[in-house]
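Grab a pencil and open the viewer. Here are a few exercises to work through, each followed by a solution in steps.

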Amino acid sequence: EGLNKGDLYGMEYISDNEFMFIKNNKLYKYNLKNKTLSIVTSTDTNAEYIETNYKSGNMAFIKDNNVFVSSSNGNQKQLTTDGDSINIIYGQAVHRNEFGINKGFFFAPSGDYLAYYRMDQSMVGDYPLVNTQTREATVKMIKYPMAGMKSHEVLVYVYDFKTGKTVMLQTRKDTSLSEREMYLTNITFSPNGKIVYIQKLNRLQNHLWLESYDSETGKLIKVLFEETASK
């Protein structure tokens, strides 16, 4: 009652008698047996790029270009402060949406850990997109790393909902340009959330490493395997 067609987009059962769904930036839980509806978590009305873990009820989102989290206990917390709309991008797809990347937030299965991207593209040249549909053509500038020119630099952070701490995964061996321009792809947690798996690919795209990291310290655990290609 009170729901319209389309309101249950993304609904997910959490038990035989309960399911969750999102409407108007609120995560609801409905009990089929008791016929009760309750709000589990909510975000601000201007929240963007919302990612939800239905098991925990925790949510992550972008507001004013920075990362926020909402917990099922009702607490909301801001995790970053230096994000903007052009140079420092958080919680969104990076690397021009290549290598299967289509989002910037990644929850562990339990929802206790959240990994998110930070992309610094302040060193990337501006590229004009011309809109010819307006009465007079208008230009929108974006950051685009042309071949042979400076690319953006990406890092991955992990937030622990239990401790409230954030760590940066130590994906760079050193401060060299090749390490700073690595593509960090296919972010995945282990079932218990203690390990983060990342595929690192160099900018030449001829050397790939599958690596595991400690979710609580950010330290590299091991290189599981690596592949190279001559072309």
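**Exercise 1. The chain as a whole**

How many helices and how many strands does the protein chain have? Then describe its box, its burial and its surface.

*Solution.* Keep in mind that this is a predicted model.
- Step 1: Go through the secondary structure, and you get one helix and 19 strands.
- Step 2: Along the principal axes, the C-alpha atoms fill a box of roughly 60 × 55 × 30 Å.
- Step 3: The chain has 231 residues, and 42% of them count as buried.
- Step 4: Finally, take the contacts with a separation of 6 or more; residues 24 or more positions apart account for 42% of them.

**Exercise 2. The largest pocket**

Work out which residues lie nearest the centre of the largest pocket, and what kind of lining it has.

*Solution.* 
- Step 1: Start with the space, which is about 490 Å³.
- Step 2: Pick out the lining. There are 22 residues in it, and Ser85, Ile86, Ile89, Gln92 and Gln121 lie nearest the centre.
- Step 3: Ask which elements give two or more residues to this lining: they are strand E5 (48-52) and strand E13 (138-143). E13 has the largest share, with four residues.
- Step 4: Sort the lining by type, and you find 10 nonpolar, seven polar and five charged residues.

**Exercise 3. A look at Asn87**

Where is Asn87 found, and is Asn87 buried, partly exposed or exposed?

*Solution.* 
- Step 1: Locate Asn87 in the loop that runs between strand E8 (76-78) and strand E9 (88-90).
- Step 2: Check its relative accessibility, which is 25%. Buried needs a value under 20% and exposed one over 50%, so Asn87 counts as partly exposed.
- Step 3: List what Asn87 touches, skipping residues up to four places away in sequence: Met119, Asp120, Gln121, Ser122 and Lys143.
- Step 4: Ile142 sits 55 residues from Asn87 along the chain, and their C-alpha atoms are separated by 9.9 Å.

Technical notes: Residues are numbered from 1 along each chain as its sequence is written. This is a predicted model: local features need pLDDT of at least 70, side-chain atom pairs count only at pLDDT 80 or more; totals for chains, interfaces and linings use all residues. Side-chain values use heavy atoms; hydrogens and water are left out. On a 1 Å grid over the protein atoms alone, a cavity is a set of points where a 1.4 Å probe fits but cannot get out, and a pocket is an open set with protein on both sides within 12 Å along at least five of seven lines; lining residues have an atom within 4 Å of a point. Grid points are joined across faces, edges and corners, and a volume is the space filled by probe spheres set on the points. Ala, Val, Leu, Ile, Met, Phe, Trp, Tyr, Cys and Pro count as nonpolar, Asp, Glu, Lys and Arg as charged, and the others, Gly among them, as polar. Buried means under 20% relative accessible area, exposed over 50%, partly exposed in between (1.4 Å probe, protein chains only). Contact means heavy atoms within 4.5 Å.
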